[in-house]
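Please read this note alongside the sequence and the coordinates. It goes through the model point by point.

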Amino acid sequence: MKSHLLSSDDENGGSRSSFCWWRTREELDENGNFKVDLCENSSLSSRLRVMREMERLNFICGEGLDDMRHKLLSYRAGDFWLPIGGIKKQDVDIPEVITIILIGLTNSGKSSLINLMYSVLGRSGLIPFAQTSGESSSYTTMYLVEHNVLRSPRSGLCVYDTRGLDQDRVEEGLDEVSTFISDGVRHNQPCCRSGDDHEERVMGSSMGNISKSRYVKRKVNCVMVVADLSQIHNAFKSCGGDLKSMEALRALFHLSAIKNCSKYSFIFCCI
């Protein structure tokens, strides 16, 4: 895959995006071309996949990634408010910070998506801010984690990484998601479930008390469902395959806490 923007920027005597950290990495040659065939998706490392996505986004974004980041940073609550029906701006419930929660099955890519957000929006390079299950086969998110993906004190949005739903105990996970939407979320809020061992539940209770005393509760403004596209493909491709994951996703889409609340934005994202 050729770095199209690199050559076009040189011809125009400028740069559409002033911060292209991935183009200085050893994976690209002196001409701005990737040294490996990016079409072989199955053999690509996580690092190469991030770099390929960065190049794709920079190529399709006419105004550049930096301009997109600037717009997000400069947004203030109520910027898009319009006087309709005689309602005053001060009478409208406008959140100061937009709170997005990522939900999905275990190993669906929620934490990986957050790391990609940091790379694209926070210009962090390849620094992992969220631990993924790929780093440890036994790891799973046990506490809600608030991420400032723009890495700025002026940020008007935050993203919450949540514990993945177990396809064998879907109802328990759905109840947890409903609680997030109705009651709000806090950084370091424990995600304890009945199948957790005693030590984890005791630690979770202790962390829950600390979370209540230290961190602000956020009202959920947007729910983003993250799904592993390869998992979906394999489930339908295999004859007589296990469709538990598909049934779990279906239950998530039909969750009344989301479906019956039109005030929440609902986004589906495939990884």
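The numbered points below start with the chain as a whole and then turn to single elements and residues.

1. Overall make-up. This is a predicted model. The protein chain holds 9 helices and 5 strands. Read from the N terminus, their order is α-α-α-β-α-β-β-α-α-β-α-α-α-β. The chain has 271 residues, and 41% of them are buried. Among contacts with a separation of 6 or more, 67% join residues 24 or more positions apart.

2. Strand E1, Thr-99. Strand E1 covers residues 98–103, and Thr-99 is part of this strand. The relative accessible area of Thr-99 is 0%, so Thr-99 is buried. With neighbours within four places in sequence set aside, Thr-99 is in contact with Cys-158, Tyr-160 and Val-185, and also with Arg-218, Lys-219, Val-220, Asn-221 and Cys-222.

3. Strand E1, Ile-103. Ile-103 is found in strand E1 as well. Ile-103 counts as buried because its relative accessibility is 0%. Which residue 122 positions away along the chain comes to 5.0 Å from Ile-103, C-alpha to C-alpha? It is Val-225. Val-225 is also on the contact list of Ile-103, together with Val-223, Met-224 and Val-226.

4. The loop between E1 and H4. Two residues of this loop deserve a check. Asn-107 lies in the loop, and its phi is positive, near 65°, although the residue is not glycine. Most residues other than glycine have a negative phi. Gly-109 is found in the loop between E1 and helix H4 too. Gly-109 has a relative accessibility of 15%; the limit for buried is under 20%, so Gly-109 counts as buried. The C-alpha atoms of Gly-109 and Val-226 are 6.7 Å apart in space, while the two residues are 117 residues apart in sequence.

5. Helix H4. Helix H4 spans residues 110–121. From its first C-alpha to its last, H4 reaches 16 Å with 12 residues, close to the 16 Å expected at 1.5 Å a residue. Is H4 largely enclosed or open? Of its 12 residues, 10 are buried, so H4 is largely enclosed by the rest of the structure. The buried residues are Lys-110, Ser-111, Leu-113, Ile-114, Asn-115, Met-117, Tyr-118, Ser-119, Val-120 and Leu-121. After H4 comes Arg-123, with a positive phi near 55°.

6. Second largest pocket. The volume of the second largest pocket is about 240 Å³. Its lining consists of 12 residues, and Thr-179, Gly-184, Gln-189, Pro-190 and Lys-212 are the closest to the centre. Helices H5 (170–183) and H6 (198–214) each supply at least two lining residues. H5 gives the largest share, 4 residues. By class, the lining of the second largest pocket is made of 5 charged, 5 polar and 2 nonpolar residues.

7. The loop between H5 and H6. Asn-188 is found in this loop. Its phi is positive, about 70°, and Asn-188 is not a glycine. A reader checking backbone angles may want to view Asn-188 together with Asn-107 and Arg-123, as each has a positive phi.

8. Cysteines. How many disulfides does the model contain? The count is 0. Seen from Cys-192, the closest cysteine sulfur is in Cys-191, at 7.7 Å. As for burial, Cys-191 is buried, at 0% relative accessibility, whereas Cys-192 is partly exposed, with a relative accessible area of 32%.

Terms used:
Residues are numbered from 1 along each chain as its sequence is written. This is a predicted model: local features need pLDDT of at least 70, side-chain atom pairs count only at pLDDT 80 or more; totals for chains, interfaces and linings use all residues. Side-chain values use heavy atoms; hydrogens and water are left out. Buried means under 20% relative accessible area, exposed over 50%, partly exposed in between (1.4 Å probe, protein chains only). Contact means heavy atoms within 4.5 Å. A disulfide is a pair of cysteine sulfur atoms within 2.5 Å. On a 1 Å grid over the protein atoms alone, a cavity is a set of points where a 1.4 Å probe fits but cannot get out, and a pocket is an open set with protein on both sides within 12 Å along at least five of seven lines; lining residues have an atom within 4 Å of a point. Grid points are joined across faces, edges and corners, and a volume is the space filled by probe spheres set on the points. Ala, Val, Leu, Ile, Met, Phe, Trp, Tyr, Cys and Pro count as nonpolar, Asp, Glu, Lys and Arg as charged, and the others, Gly among them, as polar. The expected span of a helix is 1.5 Å times one less than its number of residues.
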